[in-house]
Each structure stands twice: as structure tokens, then as C-alpha cells.
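Here are some notes for a colleague who is opening this structure for the first time. Please read them with the model on screen.

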Amino acid sequence: MAEKAFDVIALGELLVDFTENGLSGQGNPLFEANPGGAPCNVLAMLKKLGRSCLFVGKVGRDMFGDMLEAVVREAGICTGGLVRDDAARTTLAFVKKLPDGDRDFSFYRNPGADMALTEEEVPEALLARCRAFHFGSLSMTHEGVRRATRRAVSLAKAGGALLSFDPNLRPPLWADLKEARAQIAWGLGQCGVLKIADNELAFMTGETDFDRGAAILRARFPNIRLCCVTAGPEGSYAYYEDKRVYVPACRLGGTVETTGAGDTFCACALHFVLDRGLEGLSEGDLEKMLRFANAAAYLVTTRKGAIRSMPEREQVEALLERM
């Protein structure tokens with residue numbers, strides 16, 4: 001078998017998250033341009049854990065695209081799958097923090113460069129030689145990039161890669177939530193590892209009880225070997241074979257914003273599976289995975305942004321020693 005070129009390849013959106021950063025002297029809101037985008041956030045944390053990573057996606061040939069390409073390179077992520085678009089502008093998202101700590105997004109993406117990725121721009125040779133492939137639903141909101149995503153999934157699967165999926169539901173980006181549900185269902189039908197948030201589990205199953213919701217998904221999609229459910233400040237759950245493990249979240253205070261926390265968790269879970277595999281996992285293994293992922297996600301919430309805010313492995317381990 002040919003040597004794998006990368007541990008993880010991720011495809012999807014790379015964008016700028018404009019996050020609130022106080023008021024100007026005139027009382028106007030100030031926004032900080034933070035590089036982000038869920039798939040690349042996942043890769044940024046995986047790089048901190050020593051994984052070789054490549055990103056597949058598209059940004060505009062504009063000042064924000066220049067910034068994002070530089071940041072991805074700075075993070076150590078290979079840009080061999082990053083395409084620049086001369087027509088479409090880089091996608092932007094303005095993030096408002098809500099009183100309960102959640103976020104409200106306003107996207108400038110109609111069109112955005114990430115939507116313009118085509119099948120022909122998918123790096124076939126590399127996708128056939130990765131250990132794991134990660135994707136989300138934002139690259140399935142429109143037909144062209146949807147075809148590119150499905151092509152990439154097909155190539156990675158044919159090469160024997162582990163498939164990882166995070167629905168990352170953003171309702172404003174879908175013209176029809178029925179279509180969102182259908183496309184997320186397609187992603188669920190492809191993956192071996194699933195990271196899904198509590199609201200997404202309810203969206204797909206109608207269940208607010210995590211155990212019942214996870215059971216519905218796993219019965220409908222038996223390809224899902226490991227299902228991780230994140231519940232924000234309440235913690236996270238892992239479902240594997242007949243096992244169910246819960247680990248509470250870190251509640252040490254100091255949260256600034258939650259952007260990138262779920263992506264950080266997802267990266268840590270995927271890193272664990274790349275190390276340990278998906279055979280014969282014990283409850284102790286799953287607890288260890290969740291504790292590390294929860295701790296890393298907490299650290300990201302104490303910082304602004306995502307790609308540049310991922311913690312070092314030593315910082316996560318030091319936090320775990322204090323708990």
C-alpha cells in the first residue's frame with residue numbers, strides 16, 4: 001500500500017470571523033478580524049497535536065484571502081488544496097455574543113469564494129492518500145461545492161481513509177432547512193466518526209434526550225462507529241458499540257467566546273482515533289478522549305478567534321493535571 005501523504009485532509013469553508021472587541025471612542029462597535037472556518041479550525045488543532053494536515057477549499061483573491069492563506073501556512077497546514085478565486089470574494093462572518101454565551105452569525109456569502117470550489121479543483125491524488133478525511137455541511141449548501149464535496153468523500157473513501165463529519169449547522173446559510181436536513185443526512189451516511197452538537201442532534205432526530213437521539217442516529221446510520229455529542233457548558237458524551245460515557249465540561253471561568261470550541265473538540269477526538277483506532281475501545285479510553293477534548297475546547301473559549309487560538313498539547317495536559 002502507498003504511504004499516506006497526510007494524516008488528515010479537511011475540505012470546506014475558510015473565512016474571516018469578525019468578533020466583537022469593544023467600542024470605539026465614538027461608541028461604535030469594534031470587530032476583530034479572526035481567521036476561521038470549521039474545517040480549518042479542526043486542522044489547526046490537529047497540527048498542535050503533531051498531525052500532518054492539508055486543507056482543501058477556496059478563498060478570494062483579495063486582502064482577506066491573502067490574510068487567510070498566510071495564517072494557514074503559519075499554522076503549518078499544507079495549502080496544496082487551497083484555491084484562489086478571481087471573481088468571488090472571501091466569505092466573511094460577523095459574530096455577536098449572546099447573553100447566554102452562545103453566538104449569532106451574520107454571513108456575507110452570497111456568493112462567497114468557499115461556495116465556488118469545483119469538482120475539478122479537488123486534489124484527487126492527495127485525497128486518495130490520506131489517513132482521515134474531515135468535512136461538514138457548509139460545503140453542501142450549494143450544488144457546485146456539493147459536487148466537489150461528494151467527489152472528495154468518494155476519493156478519500158476509495159483510498160481507505162477514515163471519514164469524519166461535523167454537521168456544523170448554520171441555518172442562515174440554507175435556503176431551505178429541509179434541504180439542510182437531507183444533506184446532513186447524506187454526511188451522516190458516510191462517516192465513521194461523528195461529532196454533533198446538542199442542537200444538531202435535536203434538529204436531525206427531534207430528540208432533546210441525548211441518549212435517545214444518539215440511538216436514533218446510530219440505528220439509522222450503522223456506519224457511525226463513534227458518535228460524540230457536545231453539549232456546550234454541560235460537557236460531552238461518547239457512544240460506541242454498547243458503551244455510553246459522559247464527561248462534564250471544564251467550568252473554571254474566564255470564557256471570552258465559544259467560537260472554535262466544537263472544532264477543537266472534534267480535532268482531539270479525531271486525533272485520539274488516529275492513535276487508538278476504532279476497535280476494542282473501553283469506557284476508560286472514551287473517558288480519556290472526552291476529558292482531553294473538553295479541556296482543549298475550554299482553553300479555546302478563553303481566547304478570541306480559532307485558528308490562532310488553539311492550545312498546545314502541554315497546555316491541555318497541564319490543565320488536566322489541575323482538575
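This is a predicted model: local features need pLDDT of at least 70, side-chain atom pairs count only at pLDDT 80 or more; totals for chains, interfaces and linings use all residues.

1. The values below are computed from it.

2. Aromatic pairs in general. A pair of aromatic rings is described by two things, the distance of the centres and the angle of the planes. The count for this model comes to eleven aromatic pairs. One of them joins phenylalanine 18 to phenylalanine 64, with the centres 5.7 Å apart and the planes at 90 degrees, an edge-to-face arrangement. Phenylalanine 18 belongs to strand β2 (residues 15-23) and phenylalanine 64 to helix α2 (residues 63-74), so this pair ties together parts that are 46 residues apart in sequence. Is phenylalanine 18 buried or exposed? Phenylalanine 18 has a relative accessible area of 11% and is buried.

3. Another edge-to-face pair. Phenylalanine 31 and phenylalanine 94 also form an aromatic pair, at 5.5 Å centre to centre and with 80 degrees between the planes. Phenylalanine 31 is partly exposed, at a relative accessible area of 36%. Phenylalanine 94 also counts as partly exposed, with 25% relative accessibility.

4. The ring cluster. Which residues do ring pairs link into a cluster? They are Phe18, Phe31, Phe64, Phe94 and Tyr108. Both pairs described above therefore have their rings in this cluster.

5. A charge over a ring. Elsewhere in the list of ring features, arginine 181 places its charged end over the ring of phenylalanine 203. The distance to the ring centre is 4.0 Å.

6. The cavity. How many cavities of 30 Å³ or more are there? The count is one. The largest cavity holds about 40 Å³ of space. Its lining consists of Glu13, Ala38, Pro39, His134, Phe135, Gly136, Ser137, Leu138, Asp166 and Asn168. By residue type, the lining of the largest cavity divides into four nonpolar, four polar and two charged residues. Helix α1 (38-48) and strand β8 (130-136) each supply at least two residues of this lining. Strand β8 gives the most, with three residues.

7. Helix α1. Two residues of the cavity lining, Ala38 and Pro39, are also among the buried residues of α1. Nine of the eleven residues of α1 are buried, so the helix is largely enclosed by the rest of the structure. Just after α1 comes glycine 50, which takes a positive phi of about 90 degrees.

8. Asparagine 168 lies in the loop between β9 (162-166) and α5 (177-188), and with a relative accessible area of 10% it is buried. Glutamate 241 is another non-glycine residue with a positive phi, near 50 degrees. Where is glutamate 241 found? Its place is in the loop between β12 (236-240) and β13 (243-247). At 44% relative accessibility, glutamate 241 counts as partly exposed.

9. A cis peptide bond. The bond from asparagine 110 to proline 111 is cis, with omega near 5 degrees. Proline 111 is in the loop between β7 (103-108) and α3 (124-127).

10. Threonine 79. This residue is part of strand β5 (residues 78-85) and is buried, with a relative accessible area of 13%. Leaving out residues up to four places away in sequence, threonine 79 touches Glu69, Val72 and Arg73. From threonine 79 to methionine 323 the separation is 244 residues in sequence and 37 Å in space, C-alpha to C-alpha.

11. The second largest pocket. This pocket contains about 200 Å³ of space. Residues lining it include Cys268, His271, Phe272, Asp275 and Arg276, and Asp285, Lys288, Met289, Phe292, Ala293 and Arg313 are on the list as well. Helices α8 (261-276) and α9 (283-301) each supply at least two of the lining residues. The lining of the second largest pocket divides into five nonpolar, one polar and five charged residues.

Key:
Residues are numbered from 1 along each chain as its sequence is written. Side-chain values use heavy atoms; hydrogens and water are left out. Rings of Phe, Tyr and Trp (its six-membered ring) pair if their centres lie within 6.5 Å; planes under 30 degrees apart count as stacked, over 60 as edge-to-face and the rest as tilted. Helices (H or I, at least four residues) and strands (E, at least two) are DSSP runs, numbered from the N terminus. Buried means under 20% relative accessible area, exposed over 50%, partly exposed in between (1.4 Å probe, protein chains only). A charge sits over a ring if NZ of Lys or CZ of Arg is within 6 Å of the ring centre and within 35 degrees of the ring normal. On a 1 Å grid over the protein atoms alone, a cavity is a set of points where a 1.4 Å probe fits but cannot get out, and a pocket is an open set with protein on both sides within 12 Å along at least five of seven lines; lining residues have an atom within 4 Å of a point. Grid points are joined across faces, edges and corners, and a volume is the space filled by probe spheres set on the points. Ala, Val, Leu, Ile, Met, Phe, Trp, Tyr, Cys and Pro count as nonpolar, Asp, Glu, Lys and Arg as charged, and the others, Gly among them, as polar. Contact means heavy atoms within 4.5 Å.
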